[in-house]
Amino acid sequence: MRPGLILSWALIVLVALWALVPGVFTGYDPIAGIPAEKLRAPGPGHLFGTDAVGRDLFARVVHGAVNSLSGAFVAVAVGLVLGTLLGLVAGSVRGALDEIVMRVVDVLLSVPGLLLALTVIILLGPGTVNVAVAVGVGSVASFARLARSEVVRVRRTDYVEAAFGSGGRFAAVLWRHVLPNSLVPVVALAALQFGVAILAISTLGFLGYGAEPPTPEWGLLISEGRNYLATAWWLTTLPGTVVVAVVLAASRISRSIGREDG
Amino acid sequence: MSSSAPRPVLASLAVAAATCLLSACGGGGTAPAAGAAAAGKPVYGGTLTYLEHQAPTCLYLPAAGFYPNGGVLNQLTDKLTWQNPETLKIEPWIATSWEVNEDATRYTFHLRDGVTFSDGTPLDADAVAANFDVYGKGDPKLKLPVAEFVNNYERSEVVDKNTVRFHFSKPSPGFLQGTSVIGAGLVSKKTISLPYEEQCQLKNVVGSGPFTVAKQVVDKEIDLAARKDYDWAPKSSGHQGRAYLDQIKIIVTPEDNVRVGALTSGQADYVRYVQAYDEQTVKDAGFAIYAEPTRGVNNGLYLRPANSILKDVRVRRALQKGTNAKEVVDTLFTPSYPVATSVLSHLAQGYVDLSKELAYDPGAAAKLLDEAGWVKGADGVREKDGVKLQLGVFVSGPQPLSKQTLELVGQQWAKLGVKLEIRPADAGTQAVDIKNAEKTAIAHSMVGRADQDVIKSHFHTKNRDVILSNDAKLDRLLEEESALPDEAARNAKVAEIQRYVVDQAYAIPLFEEPQVYGVAPNVHGVAFEAVARPSFYSVWKS
């Protein structure tokens with residue numbers, strides 16, 4: 001493994017730990033601040049400084065991880081499951097069904113992801129889970145297309161034909177032979193999509209569709225801080241840096257999946 | 001105007017200023033003095049760039065209370081009377097004189113001769129009567145609502161070309177001041193006879209003011225041009241004749257940083273809504289800050305008694321006692337935002353100091369909640385019969401730092417075991433839920449107007465009805481107030497209403513909301529109407 005990859009994994013593990021056991025990393029309350037200690041610059045007492053209401057920013061980033069990460073997980077899961085299923089069915093059944101599913105996917109791919117997510121949000125209403133579902137729905141199309149192309153390739157291989165020839169039922173063959181052998185690129189895409197989802201969820205949070213204030217959420221933190229950019233740079237810059245680092249790490253890990261040299 | 005000679009000087013100054021900004025050098029505090037020295041005699045001409053925080057909405061005159069609307073309409077329309085912002089006295093404008101009968105049921109106005117609307121039609125008794133018939137009675141056919149500044153209106157009577165008389169079914173002492181407010185701007189007979197949707201559009205608003213609309217890009221920019229034949233400013237105005245400026249560019253700039261940055265870098269001359277945290281930046285750059293009082297119902301949280309939790313007065317009182325307004329102001333705001341000492345601003349008519357009743361007392365608050373049967377659950381939030389003590393509120397777009405304010409109040413309430421559910425302002429659900437006391441238990445708002453009737457505008461079920469009141473007594477008190485012809489008796493009634501509202505804990509006043517403007521040092525003649533909407537008539541640039 002290369003150092004960049006090790007660093008990426010280390011970062012993802014660290015952020016995952018933030019989400020699981022935030023109390024280990026910070027003793028401050030992310031929601032209740034001390035008004036007298038407002039807008040302190042980053043320093044030993046407050047690693048990331050404090051915001052306008054006197055809340056510790058590092059605590060808000062750490063506690064916000066659970067919202068942003070679980071959102072990204074849900075989004076990727078929605079995209080992965082629905083997309084792979086559609087791709088699998090379309091790629092193995094072929095014919096009219098394949099045509100219909102793939103044309104719908106084409107249409108979905110032609111709509112910008114954020115716009116699609118916003119449309120879904122307006123239908124579902126704002127909220128952490130809804131935002132995750134909306135972002136997930138936006139990624140179904142890319143998963144479906146990738147999964148289908150793999151399935152079409154694997155479907156033609158000798159061992160799949162042999163499995164059918166030896167009397168295997170359609171669903172069983174798909175499950176035991178086609179699906180496992182088509183998954184590697186899909187998993188790589190899932191890792192990449194994880195970073196994209198964090199970014200998309202942060203974007204929607206920034207626009208005010210995500211978690212309710214005062215719940216910390218990364219996009220919301222960036223959004224809240226931007227008015228203080230001239231007077232308190234850390235409010236936007238530090239949460240922004242965290243998001244950038246996590247997205248880069250996810251993309252680096254995605255690149256390594258399915259490649260021998262990492 | 002001037003020759004080309006000073007240009008190099010100006011350019012080098014601009015470069016110096018830019019370098020100064022980039023290197024964040026100090027000593028900017030000397031700039032206003034230099035500006036004042038260079039002021040001298042007013043000059044005609046030039047374009048003023050004015051940055052507005054929000055886009056104007058519906059421009060039907062009685063809806064002009066929203067500040068972005070008022071900022072435009074104040075330049076386009078004149079009013080019958082002018083309220084002097086310093087003395088709050090009503091002075092002549094389009095009406096040169098007036099008579100009011102003993103019990104304030106009959107008002108006669110004598111109009112100035114020769115005033116015209118910008119479409120050339122005369123501003124005469126006929127036009128004034130047509131305006132107030134709509135403002136006073138509304139027009140269901142055209143979907144025009146009644147204006148909140150006219151009470152007990154019966155009918156108008158055109159006595160002669162320049163004399164108009166208004167009749168009221170009950171005493172209406174607030175009417176004289178009502179003719180001076182932003183919503184009472186006079187528009188041409190053609191405009192006032194249009195249906196609501198059309199009066200909402202800027203292109204249909206034809207007034208007699210010092211400026212006319214030259215160009216509009218909806219939600220982005222409005223260009224105003226000076227009216228060359230304007231010659232009917234209020235008598236007491238130092239400046240007469242046409243406006244000094246040739247043109248005003250009103251540009252909608254929602255991002256706070258951008259507004260302040262544009263001002264300090266010289267791209268804009270005048271900006272509305274300088275946030276509390278930016279005031280120092282603007283001052284340090286040598287620009288002027290105008291924090292204008294709005295003299296009305298204070299910025300605060302208004303509790304809705306129709307809500308199933310808030311119907312218990314003990315809960316409302318507990319929330320009132322458990323809110324530390326001083327901490328909100330000290331943490332988020334500046335001395336431009338005085339801590340509220342009553343429902344009304346200390347500059348409002350009929351104000352009474354209730355700071356003792358509004359004192360922060362978390363101990364008493366907790367006791368009240370205990371008495372009301374709300375017990376702390378495992379998560380620290382109080383419960384009663386399986387219902388959590390959780391109250392919804394929307395972030396209020398027009399209020400400064402509404403979200404931060406609510407978060408801080410939520411933090412204070414969390415200590416009491418009350419959960420404040422803060423919903424973002426731009427959610428699609430707001431339009432539906434805001435009028436639902438169950439989902440939106442609390443409203444964060446304020447209203448400005450320099451008359452006793454302001455409290456009625458805020459609380460009466462037929463006006464803004466901020467608390468979705470179900471309290472007949474409150475309505476009755478407000479109606480009594482608006483029909484008292486005697487000034488002292490009216491003020492006493494306003495005091496009684498404030499006491500009642502605070503005692504019933506319908507209100508948690510936080511601070512007296514100002515309108516904060518940032519103005520470049522080369523802009524002179526800055527003026528505001530009585531509730532802080534800018535008037536560009538006498539503004540000039542050196």
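**Exercise 1. A strand and its partner**

In what sense do β13(B) and β19(B) pair, and over how many bridges? Work out as well how enclosed β19(B) is.

*Solution.* A word before we start: this is a predicted model.

Step 1. Look at the pairing. β13(B) and β19(B) run antiparallel to each other, with five bridges between them.

Step 2. Gly300(B) stands opposite Ser445(B), a residue of β19(B).

Step 3. Check burial, where a residue counts as buried if 20 or more other C-beta atoms lie within 10 Å of its own. Strand β19 covers residues 442-447 of chain B, and six of its six residues are buried, so the strand is largely enclosed by the rest of the structure.

Step 4. Take the two faces in turn. Ile442(B), His444(B) and Met446(B) are buried on one side, and Ala443(B), Ser445(B) and Val447(B) are buried on the other, leaving both faces of β19(B) covered.

**Exercise 2. A helix under cover**

Find out which residues of α10(B) are buried and name elements that cover them.

*Solution.* Step 1. Count first. Helix α10 spans residues 313-321 of chain B; seven of these nine residues are buried, so the helix is largely enclosed by the rest of the structure.

Step 1. Name them. The buried set of α10(B) is Val315(B), Arg316(B), Arg317(B), Ala318(B), Leu319(B), Gln320(B) and Lys321(B).

Step 2. Look for the cover. Over these buried residues lie, among others, β13 (297-303), α12 (362-371), α13 and β20 (507-511) of chain B.

**Exercise 3. The surroundings of one isoleucine**

Decide whether Ile497(B) is buried or exposed, then list what it touches.

*Solution.* Step 1. Ile497(B) belongs to helix α17, residues 487-503 of chain B.

Step 1. Apply the cut-off. Ile497(B) has 23 other C-beta atoms within 10 Å, and is therefore buried.

Step 2. Leave out residues up to four places away in sequence, and the contacts of Ile497(B) are Ile455(B), Leu477(B), Leu478(B) and Glu481(B).

Step 3. Compare sequence with space for one of these. Ile455(B) and Ile497(B) are separated by 42 residues in sequence, while their C-alpha atoms are 8.3 Å apart.

**Exercise 4. Chain B as a whole**

Describe the overall build of chain B and test its radius of gyration against that of a compact globule.

*Solution.* Step 1. Tally the elements: chain B has 17 helices and 25 strands.

Step 1. A compact globule of 542 residues would come near 24 Å, and chain B has 24 Å, so the two agree. Its C-alpha atoms fill a box of roughly 80 × 65 × 40 Å along the principal axes.

Step 2. Look inside. Of the 542 residues in chain B, 50% are buried. Among contacts in chain B with a separation of 6 or more, 70% are between residues 24 or more positions apart.

Step 3. In chain B, nine residues of domain 1 contact 13 residues of domain 3; on the domain 1 side, seven are nonpolar, one is polar and one is charged.

**Exercise 5. Where the chains meet**

Which element gives the largest share of the side of chain B that touches chain A?

*Solution.* Step 1. Size up the interface: 23 residues of chain B contact 20 residues of chain A.

Step 1. List the elements of chain B that give two or more residues: α8 (256-264), α11 (325-332), α13 (402-416) and β18 (419-423).

Step 2. α13(B) gives the largest share, seven residues.

Step 3. The chain B side has seven nonpolar, nine polar and seven charged residues.

Note on methods. Residues numbered from 1 in each chain as written. Chains lettered and ligands numbered in written order. Predicted model: local features only at pLDDT ≥ 70, side-chain atom pairs only at ≥ 80, totals over all residues. Contact = placed C-beta atoms within 7 Å. Helix = DSSP H or I, 4+ residues; strand = E, 2+ residues; numbered from the N terminus. Nonpolar A, V, L, I, M, F, W, Y, C, P; charged D, E, K, R; others polar. Buried ≥ 20, exposed ≤ 12 C-beta atoms within 10 Å, placed from the backbone. Rg over C-alpha atoms; globule rule 2.2 N^0.38 Å. Pairing = 2+ DSSP bridges.
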